[in-house]
Structure formats: C-alpha cells, structure tokens
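Colleague: Hi! Could you walk me through how this chain is divided up?
Modeller: Happy to, let's look at it together.

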Amino acid sequence: MNSQIRAQFPILERRVNNRPLVYFDNAATTQKPVRVIEALDRYYRQMNSNIHRGVHFLSQEATSAYEGVRQQAARFINAPDHRSIIFTRGTTESVNLVAHSFGQARLKPGSEVIVSEMEHHSNIVPWQLACERYGASLKVIPVTDSGELDLEVYKELLNPNTAIVAVTHVSNALGTVNPVKEIIFLAHRLGVPVLIDGAQAVAHLPVDVQDLGADFYCFSSHKMYGPMGIGVLYGREQLLGSLPPYQGGGEMIDRVSFEKTTYNELPFRFEAGTPNVGDAIAFSEAMHFIEELGFETLNKHEEVLLSYATDRLRELPGIRYIGEPHVRSGVISFMIRGLHPYDLGMILDKFGVAVRTGNHCAQPLMERFGIPGTVRASFSVYNTTDEIDIMIEALEKAIEMLQ
Amino acid sequence: MATLKQKAEEIQEEFAMFDDWMDKYNYLIELGKTVPVIDEKYRQKQYLISGCQSQVWLHAALENGKIIFRADSDALITKGIVHLLIRVLSEESPEAILDADLGFLDEIGLKEHLSPTRANGLASMVKQMKLYALAFKAKQSQS
Ligand SMILES: Cc1ncc(COP(=O)(O)O)c(C=O)c1O
C-alpha cells in the first residue's frame, strides 16, 4: 500500500548527499504526486488561455475548468457556495486580504484583534499592519507549557471592542490541533467573526467550515500535495460581500470610468488580474488525491508515524519535546539538551534527512519557550517507519559528534 | 608573519587530510568546542548578527593599524567556521581585509555555509567584517 503511494511521488527517488532522500519537511511543503505534475504540464500543452473574457474555445474550456476547481474547493471544505471561495496565492495572501479589507471596513481606534502566541508570522504581521493603520491593538492568547492555547485567558480577552479573532487550526511549529470550533463559538456569542489559518490542517483533517462556523478560512495548495502559488480564502458570503476590494485591476470590476468604478460580485471582486489558472487546475488533482485516499487512511498512517517517532525519539539522551498537546497532527518538534538545532539539522542533512530547524516563522512562540528554535520532523502519507529509523540513526550519530 | 593568503592556504592543507564530510565536520565541531567563547561583554545585542538559524556575535577593534576581530556563535558548526574566518581575517590591515578572497571556503567544501539562504549569520558576518574594514580605512585616512 505504502509503496504504491510512494511510487506516485517521483521526487522520492532522489538521492541527496549520496543517500536516499528522507523528506520530513512536509509542513513546509509536501511533495507532489505525478497526477498533479501531469495536470500542470497538460494545462500548458493543451488548454492555456486567458479566462472569463474570451469567446473562443480554449478560453471557454479554461474558464470552465477553473470555475470547476472553485466548486471542488468549496466541496472540499464544505463551503455552502462556490461564490465564497476566493483564489489567492496562498494562506499568506488570504490573511492579508482579510486584514486589509476587513480592517478597512471594521477596525477603528480602540478596536482589538485577537491572535495567539502560536501563530505563524503570516497570521501576525498582516494584523499588526492593519492595527497600526487604524489605531487598533493586538491581543494575544497565550500558550501553555504543553503547547496548547489558554482558553481561560482567551475568554477574558474577548470583549465588546474585539473586532476579529485570528487563530491557527493546527500549529506548524508544535502540531497542536486547536479547538477552533469552541474558539469560534465563544467569539460568536459576542458577535465577533473568526478567521482560521488552515494551512497546516487541510492535508491532515477533514475541514467543514459550516460545522466549525468559521467566518474566514485560509489555506495553501502547496501544503496539500498541490502546486505552489495557489491557495484559498473562504469567506462567509454575507460578510465577504460587505467588504471593500483588496487589489484593483481587471476582472474585479463591474464598470470602470474615471469618475467612478463599480465592482464585480463575489468571488471575482477579490480576484484582480489574470488568475493562476494552471496551478488551480493542478490543485484540483491534489484535492482528488486526498479525497481518493480518504482522511481515515491518511490519519491512520500519520498516527502510526507520529507514535513510532515519539517512541523512538524517547530513546535519545537529552530529548525534550517542545509542546506535548493532547491532539497533535503531523508534526513533532524537539530539542536535544545542550545541542543547537542548527547543528543537528546540518548533520541530518548530510545523512539525507530533510528536517526543518529554527523558529518555524513563529518567533513569539520560541520566545515563549525560551529556546532558539527546534528540530521539526513533519510527516506525510508517503513517509515510512523505516525512514524514521534512518532519522534516529542519524540523530544518534549527530549527538555523538556534537557532544 | 603569515599573510592572509598563506593563512587561507594553511587551512586548505589541513582540510586536505580529511577524506569525508564526517571528518571535516568533526573537526569543525571540535573547533567550535575548543575555541574559547568570546568575553561576555562582546556577547551583547549591539554585536549580534542575527541569522534565522544560528546567531553570530562580532566585535572589531583597530590596534596598530590591524583589525582584531572577536566572534562567536551559539551553534557549534557555525562557530567552527567563524573561527576559520577569524583565523584568516583577524590581525590584518583594513586594505587586506577588503581585498580578501575567501575562495578557500569553496576549496574545502564549506562554501554552502556562506550562502545567505542558510540564514546562519555567516554571510552577514563576512559582510559586516568588510564594512568594519571600510570604516576603519576611512578613519585612518582622515587622521
Ligand atoms: C500555520 C501556517 N500559516 C501560514 C503559513 C503560510 O503559508 P504560505 O507560505 O503558503 O502562504 C504557513 C506555512 O508555512 C503555516 O504553516
């Protein structure tokens, strides 16, 4: 079963530093199955044309393929309508869009934006920019020693000045799965909308934006087996429709005159310029790949890898897990006492093992734990327990060299 | 006294003895462990060169026309390379530092560590060293 899956990912045959590649940097980006690569190739060989404005055959074909992906993406996260799906470059642009447009409509001096201490910089900095622009302030939900959000403090932070809550579904640095449904429920009691950063969630758990009650949900194709450069912003239609545009340009307009321009309806009003049609069409194959495998299979496999890795890592002297959340997805972050993550990562690389070291674009979180960074191993459907053994052996060697 | 070029060649000769990466890294790590850490007074924010991955502290002073560099890093491999750079560049005149060719790192297979994309602080450190040299040179020509 696993070998059939591996066979679909050509890059796994690569050797690096004279060793077979062990790719454990899946939280940064996953590898791509052949069907995604081929879809991209096929698009540029057979279908490439600009969409929406063409009367000719190819343009029609590309338009309907592109709009088909929008409907598929809506189904993928159970959005009620394809009009609430905006294609972006990825999570970062999705958050920036909301911070910009929602900020303009709703932030004013005295407003508060709640984020958490475990956010990726992509879900911090856009809000900081918006807060600065409108005189609002940023409030932060702290993280507990086990790497979970402190919901008691969150409840105290929520107040009538809260304009929006923006938190991550799954932490990229710790793997923590946050109780976002509860977080949204608590905010909605005060009528406060919630944005969920789903970058690390969509490849690992079934997401149902209606069940969660999310007002905005952001994710990137490249972290779920799809190509880079395309992602999604889901926005509750009524809310999204009430926001001013983000970027101006072609496609997002209704009528343009030098006196006044009126804007197109959803979703087009938020997609200025020629969209990334080719990548959207390849992204479709990535969603099919996940759906055909099924989250049950995916989860079972990842759980096996996570628990095997946790057990094996425990054998190492000086191991310290950073974050031991109750519900975890895909990621193990650790340190070896006295050793620098960068040294460990460099030596692992020499053994062909690709992990991520450093602060994982979550500097506030590293500060919270008082560490320079961690070693992060993140798993995917094509990884194996044999590969974990290779990583452990490499770590043993690294410890021997560094101590 | 050995010139900058001779010092670089010496290092190249030392590294020629190693036949695989592991020996090389063991040597760097050993260097990282044995080279004394710089005085706490230099391990301060104003001397910090922040890489995303590891940190480097760099201090420079002009003594008798030569620049004395003191540097340190929190990661051992980085520190080992920091030490090699100090060995070559410290106690040299500003002109010699500005002209310095660091090709020896390429020869010993460590050039990758100087790539800015490594974010280990080394690329910025070299740049900072050259900036110090430039500043000291300007100061010298004024006086
Ligand atoms: C939790 C989280 N949010 C946001 C991002 C940013 O995603 P992208 O770089 O695809 O925009 C990442 C990716 O590293 C992430 O892990």
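Colleague: Which domains does the assignment give for chain A?
Modeller: This is a predicted model. The assignment gives chain A a domain 1, made of 2–31 + 294–402, and a domain 2, covering 37–291.

Colleague: What separates their centres?
Modeller: Taken over C-alpha atoms, the centres of domain 1 and domain 2 of chain A are 28 Å apart. In the contact, domain 1 takes part with 38 residues and domain 2 with 35 residues.

Colleague: And how much area do they bury between them?
Modeller: About 2,900 Å², with 55% of it on carbon and sulfur atoms. In domain 1, the residues that lose the most area to domain 2 are A:F295, A:L365 and A:R368, together 21% of what that side buries.

Colleague: Switching to charges: how many salt bridges are there between the two domains?
Modeller: The count between domain 1 and domain 2 of chain A is 1 salt bridge. A:R368 also turns up in a salt bridge, where its side chain meets that of A:D145 at 2.6 Å, N to O.

Colleague: What about polar contacts across the interface?
Modeller: There are 24 residue pairs in polar contact across the interface of the two domains. On the domain 1 side, α11 (295–314), β14 (331–336) and α13 (363–369) of chain A each supply at least two residues.

Colleague: Which of these has the largest share?
Modeller: That is α13(A), with 6 residues of the domain 1 side that touches domain 2.

Colleague: Last one: what classes of residue make up that side?
Modeller: The domain 1 side has 19 nonpolar, 14 polar and 5 charged residues.

Definitions and conventions: Residues are numbered from 1 along each chain as its sequence is written. Chains are lettered from A and ligands numbered from 1 in the order in which they are written. This is a predicted model: local features need pLDDT of at least 70, side-chain atom pairs count only at pLDDT 80 or more; totals for chains, interfaces and linings use all residues. Side-chain values use heavy atoms; hydrogens and water are left out. Domain bounds come from an automatic or database domain assignment. Contact means heavy atoms within 4.5 Å. Buried area is the accessible area (1.4 Å probe) that two parts lose on being put together, summed over both. A salt bridge is a side-chain nitrogen of Lys or Arg within 4 Å of a carboxyl oxygen of Asp or Glu. A polar contact is a pair of N or O atoms within 3.5 Å; within protein, one must be able to donate a hydrogen and the other to accept it, and residues adjacent in sequence count only if both atoms are side-chain atoms. Helices (H or I, at least four residues) and strands (E, at least two) are DSSP runs, numbered from the N terminus. Ala, Val, Leu, Ile, Met, Phe, Trp, Tyr, Cys and Pro count as nonpolar, Asp, Glu, Lys and Arg as charged, and the others, Gly among them, as polar.
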